Amino acid sequence: MTTAPGLDARQETVVLLALSAGLGLSVLLGRRSADDATAVLRYHLGRLFPAPAAASQGVGGKSNDRGARPR
């Protein structure tokens with residue numbers, strides 16, 4: 001698995017830890033569903049570890065990345 005170019009692995013680790021802690025708290029407080037939190041994490045991980053162009057395209061050339069839903 002290759003990371004996106006130009007990323008600082010240590011900084012991205014800190015960001016992921018903070019993101020997961022904040023999302024976990026918002027789920028516990030009922031402000032966000034677990035599915036929404038998972039979508040946000042998957043979106044961020046998809047930016048850190050982009051799929052090759054051919055693998056990220058679904059049937060009909062549509063992207064399989066659903067990302068986070070805006071609130």
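**The nonpolar patch and its surroundings**

Modeller: Met1, Leu45 and Phe49 make a nonpolar surface patch of about 340 Å². A patch takes residues with over 30% relative accessible area and no salt bridge, joining nonpolar side chains (Val, Leu, Ile, Met, Phe, Trp, Tyr) within 5 Å and like charges within 9 Å. A salt bridge is a side-chain nitrogen of Lys or Arg within 4 Å of a carboxyl oxygen of Asp or Glu. Areas come from the Shrake-Rupley method with a 1.4 Å probe, and for residues only the protein chains shown count as cover.

This is a predicted model, in which local features need pLDDT of at least 70 and side-chain atom pairs pLDDT 80 or more, while totals for chains, interfaces and linings use all residues. Residues are numbered from 1 along each chain as its sequence is written, and side-chain values use heavy atoms, leaving out hydrogens and water.

Start with Met1. It sits in the segment before helix 1 (9–28). Helices are DSSP runs of H or I with at least four residues, strands are runs of E with at least two, and both are numbered from the N terminus. Met1 is exposed, at 87% relative accessible area. Exposed means over 50%, buried under 20%, and partly exposed in between.

Now Phe49. This residue lies in the segment after helix 2. Phe49 is partly exposed, because its relative accessibility is 31%. It touches Met1, Thr2 and Thr3, leaving aside residues up to four places away in sequence. Contact means heavy atoms within 4.5 Å. Ala4 is 45 residues from Phe49 in sequence, yet their C-alpha atoms are 5.8 Å apart.

Helix 2 covers residues 34–48, and its axis comes within 9 Å of the axis of helix 1, crossing at roughly 170°. The two helices are therefore roughly antiparallel, a label for angles over 145 degrees. Axes are lines fitted to C-alpha atoms over the stretch in contact, with angles from 0 to 180 degrees between N-to-C directions.

Take Leu19 as an example. It belongs to helix 1 and is partly exposed, at 24% relative accessibility. Leu19 touches Val40, Leu41 and His44, not counting residues up to four places away. Its C-alpha is 8.9 Å from that of Val40, 21 residues along the chain.

Ser26 is also in helix 1. It counts as buried, at 16%. Beyond four places in sequence, it touches Arg31 and Arg32.

Finally, the whole chain. It has two helices and zero strands. Of its 71 residues, 17% are buried. Its accessible surface is about 5700 Å², with 59% belonging to carbon and sulfur atoms.

Definitions and conventions: Buried < 20%, exposed > 50% of the residue type's maximum accessible area, 1.4 Å probe, protein only. Parallel < 35°, antiparallel > 145°, perpendicular 65-115°, else oblique.
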